[in-house]
Amino acid sequence: MDSTWPGSGPQMQAQIAFAGNRIDPQSEKRGDDAAEQALAAPGARLMLMREGRLCLKTGQGAFDAYFSPAEAAGLSARMDEAVLLGHTEGGPVLAAPHDHDRESLPEGIKAIDFRSIYIQGLLDAPDLGALAQGAALLAWHETHRYCGRCGGGTTMRAGGYRRSCPRCGRENFPRTDPVVIMLAVRGERCLLGRSPHFAPGMYSCLAGFIEPGETIERAVRRETLEESGVRIGRVRYCASQPWPFPHSLMIGCIAEAESAAVDPDLSELEDCRWFARDEVMRMLAGTHEAGLTVPPEGAIARYLIAGWAHRSATETSGA
């Protein structure tokens, strides 16, 4: 990590959405019956998820993401598919899928999509981090019910951190898809792009999946060149963000551009261009004359953009 980057310490990185998980996974102690033991332990709590939504207790302006095993069973939780996230001082924490129709949930309980939970700040950083962990694990289990080698049904082991095939003995482990997200910079300008599915006026960093056999640095250079035509030299890692859509890890980098001409891939982007630091500062402040913006608080893209803009401002002022 670049130690000179503003906010590169643990406190500032915890402000990145989904990155504040404090649950102790105790991975070395996970037996095959770890989830069953955790459900029977005092203080056990569950997060309940279905179709990209988390059940939340509402009331008095606060939101509670946790249910006791009895409460979870009453909401049609599939307790036999519960995964153990780990332990806190209050007891074990698990996540489970449920079959309750969200339109008929009991009064005081709402099923809210993950993205809205983070954008609206409905949960604190540790709970949002637990959501990312649980959502990624449950999504992986949903797509790995059958063995990729022999087609046989697989069974959950190690509290949800392994699936085994009784037929051929193959072991499968949860996956995380690595994604590079990078802010290309050149002097007092940074490169931002706009995807067709973005909110009106929003520009962000370029991003893309790391391909097999690639390093982080090569992926940054390849994706930037493919999407914008800009060639990248030095690449610096800054921070990362778990992204539960469904189980990615966003790897945030600053990329130093070696060329300036932009030739955007218009099959993926509506626009891609250089922005001067002062214009980016107005976008961050919400005062841009054309209404242009950057991603919201909590997004690693905003972390990268704001870090570059504010550091440039500090360097320019001589502070």
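Before we start, a word on classes: Ala, Val, Leu, Ile, Met, Phe, Trp, Tyr, Cys and Pro count as nonpolar, Asp, Glu, Lys and Arg as charged, and the others, Gly among them, as polar. Hello everyone, and please keep in mind that this is a predicted model.

In total, 32 residues line the largest pocket, and H197, F198, A207, W243 and M250 are the ones nearest its centre. Several elements give two or more residues to that lining, including helix 4 (114-119), helix 6 (216-228), strand 13 (232-243), strand 14 (248-257) and helix 8 (300-317). Which strand gives the most to the lining of the largest pocket? That is strand 12, with 4 residues; you will find strand 12 at residues 206-209.

While we are in this part of the chain, here is what the record says. UniProt, in an unreviewed entry, places the feature "domain: Nudix hydrolase" at residues 174-306. Over residues 174-306, the chain is 36% strand and 22% helix.

Now for the second largest pocket, which holds about 450 Å³ of space. It is lined by 22 residues, and nearest its centre are R78, P97, L138, A139 and E142. Two or more lining residues come from each of strand 1, helix 5 (125-142) and strand 7 (155-157). Helix 5 gives the most to this lining, with 5 residues. By class, the lining of the second largest pocket has 9 charged, 8 nonpolar and 5 polar residues.

P97 is in strand 5, where it is the bridge partner of M49. Strand 1 (residues 45-50) and strand 5 run parallel, joined by 5 bridges. Strand 5 also pairs with strand 4 (residues 83-88), this time in the antiparallel sense and over 5 bridges. Here T88 stands opposite G91 of strand 5, and a hairpin of 2 residues joins strand 4 to strand 5. Why is strand 5 described as largely enclosed by the rest of the structure? Because 7 of the 7 residues of strand 5 (residues 91-97) are buried.

A44 sits in the loop between helix 2 (34-40) and strand 1. With a relative accessible area of 9%, A44 is buried, as buried means under 20%. A44 and S68 are 24 residues apart in sequence, yet their C-alpha atoms are 6.3 Å apart in space.

Let me finish with the cysteines. How many disulfides does a search of the whole structure find? The search finds 0. C165 is in no disulfide, and the nearest cysteine sulfur, that of C150, is 3.5 Å away. The cut-off for a disulfide is a pair of cysteine sulfur atoms within 2.5 Å. C165 is buried, with a relative accessible area of 3%. C238 is in no disulfide either, and its nearest cysteine sulfur, that of C253, is 6.9 Å away. At 1% relative accessibility, C238 also counts as buried.

Technical notes: Residues numbered from 1 in each chain as written. Predicted model: local features only at pLDDT ≥ 70, side-chain atom pairs only at ≥ 80, totals over all residues. Heavy atoms only, no water. UniProt positions renumbered as here; feature names shortened; annotations may be inferred. Buried < 20%, exposed > 50% of the residue type's maximum accessible area, 1.4 Å probe, protein only. Pairing = 2+ DSSP bridges. 1 Å grid on protein atoms, 1.4 Å probe; cavity = no way out; pocket = protein on both sides within 12 Å on 5 of 7 lines; lining within 4 Å. Points joined across faces, edges and corners; volume = space filled by probe spheres on them.
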